[in-house]
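Dear colleague,

Here is the structure I promised to hand over. My notes on what was found in it follow below the model.

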Amino acid sequence: MLKRTITLLSLTITIGALLLTIGCGGSNSNPVAPVSSDRPLVSRGGNPPYPPELYYPYDNMVIYWTASGRITFYLRTIDPNNDPVKFKIVILKDNNVVAEFGPDFSGWSKPSYASGEWARCDIPVSLLPKGTFKWQAFATDGNPGWSEGSAVRTLTNATK
């Protein structure tokens, strides 16, 4: 009987020491964990991507001629759920949409992009309106709808 009591006491002490050392387990399920980010705290679900970031400095730029006959646009976005994303570029003239190059346009380097990955779209200059126009990009992660638009840029197409 004494042997069994000592064994149970030793086992209890061992388990207690293990719990004290490694904790009681489980995960932190605090839904309002502190974050240090400039991005808003979002919950998982159907959140659209952030507005695309435009890399190429096409702001008040004039295109006179390109060797390839194409102009390349670079953009990326972050999706809060880390979903793959697709883009569209919208061309505006006098606040009217005159051209749209969506995910099905053949000029995209890939059909979809990872969150944060730079996307490239080569658009033939002949498909762009002549004169000065505005352009803006949007992103989608496959859920209904598009992100808010990127910054609006100005571009002048003076090619012949």
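**Around I89**

Taking contact to mean heavy atoms within 4.5 Å, and leaving aside residues up to four places away in sequence, I89 touches F73, L75, A99, E100, F101, W108, C121, I123, W135, Q136 and A137. Please note that this is a predicted model, in which local features need pLDDT of at least 70 and side-chain atom pairs count only at pLDDT 80 or more, while totals for chains, interfaces and linings use all residues. Residues are numbered from 1 along each chain as its sequence is written, and side-chain values use heavy atoms, with hydrogens and water left out.

I89 is also, together with W108 and I123, among the residues with the most contacts inside the largest nonpolar core, which has 23 residues; such a core is a set of buried Ala, Val, Leu, Ile, Met, Phe, Trp, Tyr and Cys residues joined through side-chain atoms within 4.5 Å. At least two residues of this core come from each of β3 (70–76), β4 (86–93), β5 (96–101), β6 (119–124) and β7 (131–140), and β7 supplies the largest share, four residues. Strands here are DSSP runs (E, at least two residues) and helices likewise (H or I, at least four), numbered from the N terminus.

**Aromatic rings**

The structure holds five aromatic pairs, where rings of Phe, Tyr and Trp (its six-membered ring) pair if their centres lie within 6.5 Å, and planes under 30 degrees apart count as stacked, over 60 as edge-to-face and the rest as tilted. One of them, F73 with W135, is edge-to-face, at 4.6 Å centre to centre and 75° between the planes. Because F73 lies in strand β3 and W135 in strand β7, this pair ties together parts that are 62 residues apart in sequence. F73 is buried, with a relative accessible area of 0%, and W135 likewise counts as buried at 0%; buried means under 20% relative accessible area, exposed over 50%, and partly exposed in between (1.4 Å probe, protein chains only). Elsewhere, ring pairs link F87, W108 and Y113 into a cluster.

**Y55 and the chain as a whole**

Y55, in the loop between β1 (53–54) and β2 (61–63), is exposed, with a relative accessible area of 52%. Y55 and Y74 are 19 residues apart in sequence, yet 5.4 Å apart in space, C-alpha to C-alpha.

The chain holds one helix and eight strands, in the order α-β-β-β-β-β-β-β-β along the sequence, and 33% of its 160 residues count as buried.

Kind regards
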